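Student: Could we go through this structure together? I would like to learn where the labels come from.

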Amino acid sequence: MQATALIFEIGGTEEDAFGRVVNQREAQLLRVAYRVLGNWADAEDVAQEAFLRLHRHGLDFASESALAAWLYRVVVNLCVDRGRKARPTDELKDLRAEKPSAETELLRDEQKRQLMMALTALPPKERAAIVLREIEGLATAEVAAILRTSEVTVRTQISRAMGKLREMLREEKS
Amino acid sequence: MTEDDIRDLFREMRDESVPVDSLVRVRVRVEDRIRRRAPWKIASLVTAFAALVVVAFVIQIHPAVRKTASPSAAAKHAPPPPEVETAPLENLPLSVRPAIERKTHKPPTAPLTQPVSTIRIETPDPDVVILLVSQ
């Protein structure tokens, strides 16, 4: 459904449509920002700023996917502009369950924690490409559109990033 | 760890839920900022409109911008010169003050022994004034 069609629902206003977009996209944007930045506080700031920019921009998009791409792009740019390495501080303890769990789950949580630490050590653009493609599950073409680059560049960035992650996780294990 | 293992972990991370308090905080802050912005937006529009009205008003009343009447029109609307029976102009002493001297009034150098009456006639040319002096 086109985003602009949201406005013309019976009894709908632009504010109502904006509220619906926030509800639909909020978790996604927070997750992407968290994976790129490594902490929830910064991720919340970025998500908030992205929605405020959307409100200023308006909901005039050709399609739902164009709106999604625009939001992702804003989030990624805001994350990159933060200009510092992600701070995977205490938030990574969220990966551990609060109550005691089976050994395999603990091991899995530990692996995710290590992967997250390794992810935050990547350069911002490689990190963004990996997060959008591998965690958010977007197609290479969509990632290229969001990052305003070519599909070849995206594949190269992901390939390079995966190699670095493997290397870092191997060092962590040893 | 192989690339496939890493991709499996990524897929699991995709399914992890976002903390509810983060969701709530973002939503509340966004709504608050939008609500706070609205009055400022209206205020700035009203201020801009008021400024335009003031500028238009000032332009209207400023004398430098007012259209001055053309000389021919001024002549038509100028009060008729006072009717004075005088001799032809060539027989009367006239002092035509040039524009520069018009601004500085020079008192008469010689004391006047007899009372003198002067008639000042303004011409359509603002720089030229006819002064009739009768002794």
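Tutor: Gladly! Helices (H or I, at least four residues) and strands (E, at least two) are DSSP runs, numbered from the N terminus. Chain B has four helices and three strands, in the order α-α-α-β-α-β-β along its sequence. This is a predicted model, where local features need pLDDT of at least 70 and side-chain atom pairs count only at pLDDT 80 or more, while totals for chains, interfaces and linings use all residues. Residues are numbered from 1 along each chain as its sequence is written, chains are lettered from A and ligands numbered from 1 in the order in which they are written, and side-chain values use heavy atoms, leaving out hydrogens and water.

Student: Why is A:Q157 called buried?

Tutor: Buried means under 20% relative accessible area, exposed over 50%, and partly exposed in between (1.4 Å probe, protein chains only). A:Q157 has a relative accessible area of 13%, so it is buried. This residue is found in helix α8 (residues 151-173) of chain A.

Student: What does A:Q157 touch?

Tutor: Contact means heavy atoms within 4.5 Å. Not counting residues up to four places away in sequence, A:Q157 touches A:K125, A:E126, A:A129 and A:L147.

Student: And A:K125, does that count as buried or exposed?

Tutor: A:K125 has 54% relative accessibility, so it counts as exposed. A:K125 lies in helix α6 (residues 124-135) of chain A.

Student: How do you know that α5(A) and α1(B) are roughly perpendicular?

Tutor: Axes are lines fitted to C-alpha atoms, for helices over the stretch in contact, and angles run from 0 to 180 degrees between N-to-C directions. Angles under 35 degrees count as roughly parallel, over 145 as roughly antiparallel, 65 to 115 as roughly perpendicular and the rest as oblique. Helix α5 (residues 103-120) of chain A and helix α1 (residues 3-15) of chain B pack at about 95°, with axes 10 Å apart. The two helices are therefore roughly perpendicular.

Student: Which residues meet there?

Tutor: From α5(A), they include A:L115, A:M116 and A:L119, and from α1(B), B:I6, B:L9 and B:F10 are among them.

Student: What makes a nonpolar core, and which residues have the most contacts inside the largest one?

Tutor: A nonpolar core is a set of buried Ala, Val, Leu, Ile, Met, Phe, Trp, Tyr and Cys residues joined through side-chain atoms within 4.5 Å. The largest has 61 residues, and A:L54, A:L119, A:L165 and B:F10 have the most contacts inside it. Helix α2 (residues 14-37) of chain A gives the most to this core, with 11 residues.
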